[in-house]
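Hi,

Here is the structure I promised to pass on. Have a look at it first, and then read my notes below.

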Amino acid sequence: MQAPRNQWYCAAFGRELKEAPLGRVLLNEPVVMYRTADGTPVALEDRCCHRRAPLSRGKVEGSNLRCGYHGLLYAPTGAAIWAPGQDRLPPGARVRSYPIVEKHGWIWIWMGDPARADPKTAPAYDKYDDPDWAAYDELIPVKANYMLMVDNLLDLSHLPFLHASTIGSPEDTNPELNWERGPNWLKGVRIARGLSPSARNLLEGLDFRFDRTQIMLFEPPAHVTIDILTNEYGKAYGDPTSRLNRRIVIYDFITPETDRTCHYFWAIARDYAIDDPKQTELGLRATSAAFHEDSQMLEAEQRIIDTDPSSPQIDLVGDTGGLQARRIVERLLADEGVTTAAAQ
Amino acid sequence: MQAPRNQWYCAAFGRELKEAPLGRVLLNEPVVMYRTADGTPVALEDRCCHRRAPLSRGKVEGSNLRCGYHGLLYAPTGAAIWAPGQDRLPPGARVRSYPIVEKHGWIWIWMGDPARADPKTAPAYDKYDDPDWAAYDELIPVKANYMLMVDNLLDLSHLPFLHASTIGSPEDTNPELNWERGPNWLKGVRIARGLSPSARNLLEGLDFRFDRTQIMLFEPPAHVTIDILTNEYGKAYGDPTSRLNRRIVIYDFITPETDRTCHYFWAIARDYAIDDPKQTELGLRATSAAFHEDSQMLEAEQRIIDTDPSSPQIDLVGDTGGLQARRIVERLLADEGVTTAAAQ
Amino acid sequence: MQAPRNQWYCAAFGRELKEAPLGRVLLNEPVVMYRTADGTPVALEDRCCHRRAPLSRGKVEGSNLRCGYHGLLYAPTGAAIWAPGQDRLPPGARVRSYPIVEKHGWIWIWMGDPARADPKTAPAYDKYDDPDWAAYDELIPVKANYMLMVDNLLDLSHLPFLHASTIGSPEDTNPELNWERGPNWLKGVRIARGLSPSARNLLEGLDFRFDRTQIMLFEPPAHVTIDILTNEYGKAYGDPTSRLNRRIVIYDFITPETDRTCHYFWAIARDYAIDDPKQTELGLRATSAAFHEDSQMLEAEQRIIDTDPSSPQIDLVGDTGGLQARRIVERLLADEGVTTAAAQ
């Protein structure tokens, strides 16, 4: 599926932008990001206007970025302000500059018409850098179209199968599931009761049955937040007699790299044991293992699709979320003049 | 060259089908094979009807195969019999099932119209599992069109050159060679006398001159059997005064994977020293080395062809077998409505 | 940019042609080179006329080359003179033979119309094997169109940036630069004064300021010679009171492999310390490091160009040489009936 351009996409974790410029292909375009001396993030076309060398092989000088080939110097606006051997720069000596915003620890980029980019509309996913929460994160490169990952995240019926040996519980095959759709969002509530501990739970020492509520929120272009409440089986969430009252928020932001590859930025924030580095270490390792089960399956799925893109597929009850999300994205694409085949 | 579909192709050695499902691309289609609880082989489309994940990443449950992504369960017929979240499965909840037969230790698959698949017509190459013979085998993946391997096996004039340092004898350049053609087979008898021992012969302790008769049998789509009789130079095969009376049968079954890659299944059965594991070990190692000389040359040949597919080639006397085999396959393709360029 | 065919291209260093045949793709054609028993170089099509195996997998026998697959034997003319199983060879039993010349240690090949190849017109770059000079060399394979390397070599304004940590001096941003163009050549003189020593200079023990004259000579199809004179800052070259009077000649011969890859043959000859192997060793190591900075940048440039070949670029003063060279090559291509987009 194609990707609408007039949207804020996750371009990086804020922690990724350091002294060296960072090159990344986003929506098929090479982009270079860096921070100016005062820390402000900048995003430029990663292609020198002179001989098309990638600027990400250059270096930052104060607020500017110098090409590593012949030394052209670019201001954050994308205008070249120095070139070798001449005092006056020719017309066209500039690269594209992309609107970019840092908010709550995330770097957001606007790949469409800059005139339509309002930084105030950049997403505010606020648990990631909230001092009352602890978070860990990872960027997983995935060789699959970005919507395959959206499908994955909105159809959690895969948990007991794909993640049987990591985060899935075998009883999790018959949850309550309800969807609600707004003009520009989609929300699903999935409740499962009496689950037995997963392999990961056992690693954490959680060895009794529990109830779990997963609240999935999809927002275009490809942002899925999953808010998860877990409590001891049969107790209410928050009940002090429950041996377990946990809330975590999973952020899943997927940005197309090419038509068949994407950047999967995920983070998990928790509101308990926030000062316990062991929880962070265990969580990062165990979650990464599970989410790589996803990326590997999606890559296999993409390879199979590519052997015959016209092969049919059926939809199940669990696909409600993914199909609705595709409808929302199709409408955004239509607004930009892109026609899509139904349910592609 | 394309491949006719209404044929039995070798899909695997029987020994390859164990508990885990086995995924393999055959004639450009992803196929998954497994054994049911009672050992019966099953072949299905390796693409879940739901979201097109490869079923080979799933697991066998009794007679059925479960998808490793969302858990759909497939019967050996290809019909889905369970899916998450719903009791009734939608129409189209099935994958293709391929006729498959196990015979004499080989797994045969029918990639064409199932109504035309008669298991009785599956090949019966019977020395491979004959208790009076000893056999070893190997699957070599080859990045070349399958007919390049057929050409190779039907033109043994390459022995003294390509295999100069393994199984070739330098004198083997002027054999008697006669071809006979039936409606659906091709047979060549190649007799060479007074050959000096090859490097491999010397490894075996065979250090005197010998005579050798090679009886090549081609049967479509791409099966070559080479029955080889060897005896001391000047004696008759079977003469008890001959220091050597050996017969081996080489099975070479080639199955297209894609248009430019194939699966080369080979096995060698011998009727002597059948209880000697050292003979098996030496034979496997030495033959594998020689047959990899073939696969590497064919891959080089394919790469050169790809630089300019229209570059001309000439035919020599030794090409009689390969050219006749292509005629047979072309006729089968024509029966299926596929037109081929002459001698492609 | 395409490559004119009726030109002498560098095919190899003479030292590369030994007993074994050498296969190399030149201008998209597979070529095999070898030396006859008397040392004469031969270049043939690297594709047997029989089954299109690469002859570079064969072996040299006296003056001839034998195919490693079925043993066809080729004379230096390209005519097959032996084939298995038959006394008379069919018409067409030959491969293409390319005019080839060894001159001053270089192997030159003519990929166009053999009737137009005059060995006397093969380039005579004579310092490489001159006993009064010492030389070292390297072949760098580059995944970029050959003209990107020509551009690189004719625009040395990249020295202080791309080579900042190897052979560049930071002051080298404002040289005198003058170009002169002949009917079939292009010459640039670039003079920089008062340069501080580069990282490499410091390795050599050269720790004072110097003046440097670089005389660049471009000759089609893609040969760049850079004659470099260096002397102590403020003295004349050759002045016996100068602590430094050095001349080196850099030969850069670039031969297209495919449209997006090339062979970069470089050599450096020096007229000082010619018997000092340490100078050779240091020079080879330090230059190779610097020239790999070039090849890596060009490969990055090519990848960026490939993401959008229509993306614009601007020209600077330093591009005079590269642009003029492209004009010369475009004229040669036009002579061969090839039309090129301006400045592509």
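Predicted model: local features only at pLDDT ≥ 70, side-chain atom pairs only at ≥ 80, totals over all residues.

Helix α1 (residues 146–154) of chain C packs against helix α4 (residues 277–307) of chain C, with an angle of about 130° between them and their axes 10 Å apart. Because angles over 145 degrees would count as roughly antiparallel and 65 to 115 as roughly perpendicular, this pair falls into the remaining class, so α1(C) is oblique to α4(C). Their crossing is right-handed.

Which residues make the contact between α1(C) and α4(C)? From α1(C) you'll find L148(C), M149(C) and N152(C), and α4(C) brings in D294(C), L298(C), E301(C) and Q302(C). Sorted by class, the residues of this contact are three nonpolar, two polar and two charged.

Now for how the chains sit together. If you rotate chain C by 120° with 0.0 Å of shift along the axis, chain C lands on chain B with an RMSD of 0.0 Å. That is why the two are related as by a three-fold axis. In chain C, the C-alpha nearest that axis belongs to D306(C), 13 Å away from it.

Finally, the places where chains touch. Chain A puts 20 residues in contact with 21 residues of chain C. On the chain A side, those residues are nine nonpolar, seven polar and four charged. Where chain C meets chain B, the contact takes 20 residues from chain C and 21 from chain B. The chain C side there has nine nonpolar, seven polar and four charged residues.

Cheers

Terms used:
Residues numbered from 1 in each chain as written. Chains lettered and ligands numbered in written order. Contact = placed C-beta atoms within 7 Å. Nonpolar A, V, L, I, M, F, W, Y, C, P; charged D, E, K, R; others polar. Least-squares fit on C-alpha atoms with pLDDT ≥ 70 in both. Axes fitted to C-alpha atoms, helices over the stretch in contact; angles between N-to-C directions. Helix = DSSP H or I, 4+ residues; strand = E, 2+ residues; numbered from the N terminus. Parallel < 35°, antiparallel > 145°, perpendicular 65-115°, else oblique. Left-handed = near helix turned anticlockwise from the far one by under 90°.
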